[in-house]
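I opened my notebook and loaded the model. My plan is to look up one thing at a time and write down what I find.

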Amino acid sequence: MTAQLLQLSTPDGPFTILARDGVVLASGWTAGPGALTGQIHPALLPASFEEVTTLGGISDAVEAFYSGDPAPAMAVPVQQQSGPFRSHAWEVLREVKPGFPVTYSEYAALAGNPKAVRAAASACAFNAAALFVPCHRVIRTDGSLGGFRWGLQVKESLLAREAA
């Protein structure tokens with residue numbers, strides 16, 4: 001199966017999206033698909049990519065985010081595959097209010113298992129659809145940023161943008 005590949009320029013650097021039929025498979029702040037494909041479940045991995053200049057509503061949602069409206073990005077369809085906890089945890093991330101990050105402990109509780117802090121952190125680490133599944137909204141209990149696949153500078157910028 002073929003997926004569409006779109007590269008956008010953002011204030012946080014190049015943002016690449018892999019999508020199929022209007023559904024995001026993977027995205028992140030990178031200039032090419034190589035850094036994205038390892039996060040896609042093997043059952044969803046496209047055999048090839050077709051470069052496109054727009055992805056319609058997906059492109060519009062990225063523009064809206066960088067114009068100050070993060071809501072459209074949460075409406076973009078995303079397809080990721082994993083076990084029940086991680087899949088549910090990814091959906092929960094989409095409900096975390098912009099500008100109000102949660103701690104990993106709070107995130108575990110929101111996902112239904114307050115003791116599953118490591119599993120919640122793992123859901124963030126294995127999230128393939130950055131921005132559309134906003135793992136950047138999860139921070140450490142002490143208020144520090146924690147990790148972020150695309151770099152702490154990008155995470156800090158995203159959180160500051162949403163807090164404004």
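Is R137 buried or exposed? I looked up its relative accessible area, which is 1%. The cut-off for buried is under 20%. R137 is therefore buried. I note here that the model is a predicted one.

**Entry: the charged pair**

Next I asked which residue R137 forms a salt bridge with. The partner is E162. The closest N and O atoms of the two are 2.8 Å apart. I then looked up where the two residues sit. R137 is in the loop between α6 (117-125) and β6 (138-139). E162 is in helix α7, residues 152-163. They are 25 residues apart, and the pair links distant parts of the chain. E162 has 10% relative accessibility, so E162 counts as buried too. I looked for how many salt bridges the structure holds, and found one.

I turned to the strands. What is their order in the open sheet? I read it as β3-β2-β1-β4, four strands with mixed pairing. β3 (23-28) and β4 (48-51) stand at the edges. Each has a single partner strand, so one side of each is left without a neighbour in the sheet. From one strand to the next, the twist averages 30°.

I went through the pairs one by one.

- β1 and β2 run antiparallel and are joined by seven bridges. L8 stands opposite F15 in β2. A hairpin of two residues joins these strands.
- β2 (residues 13-20) and β3 also run antiparallel, with five bridges. L18 stands opposite A26 in β3, and R20 stands opposite V23.
- β1 and β4 run parallel, with four bridges. The bridge partner of A3 in β4 is F49.

I looked at the turn between β2 and β3. This hairpin has two residues between its strands. D21 in the turn has a positive phi of about 55°.

How many residues of β3 are buried? I found five of its six, so I wrote "mostly covered".

**Entry: Q4**

I picked a residue in strand β1 (residues 2-10), namely Q4. Its relative accessible area is 19%, so Q4 is buried. The cut-off is under 20%. I listed what Q4 touches, leaving out residues up to four places away in sequence. Among its contacts are I17, L18, D21 and E50.

**Entry: the core**

I17 came up again here. The largest nonpolar core has 49 residues. I17 is among those with the most contacts inside this core, and so are W29, I58, V62, L93, Y107 and F132. Helix α2 (residues 57-66) gives the largest share, five residues. Where does the core lie? Domain 1 (2-75) and domain 2 (84-163) both give residues to it, so the core lies between them.

Conventions: Residues numbered from 1 in each chain as written. Predicted model: local features only at pLDDT ≥ 70, side-chain atom pairs only at ≥ 80, totals over all residues. Heavy atoms only, no water. Buried < 20%, exposed > 50% of the residue type's maximum accessible area, 1.4 Å probe, protein only. Contact = heavy atoms within 4.5 Å. Core = buried A, V, L, I, M, F, W, Y, C linked by side-chain atoms within 4.5 Å. Domains from an automatic or database assignment. Pairing = 2+ DSSP bridges. Axes fitted to C-alpha atoms, helices over the stretch in contact; angles between N-to-C directions. Salt bridge = Lys/Arg side-chain N within 4 Å of Asp/Glu carboxyl O.
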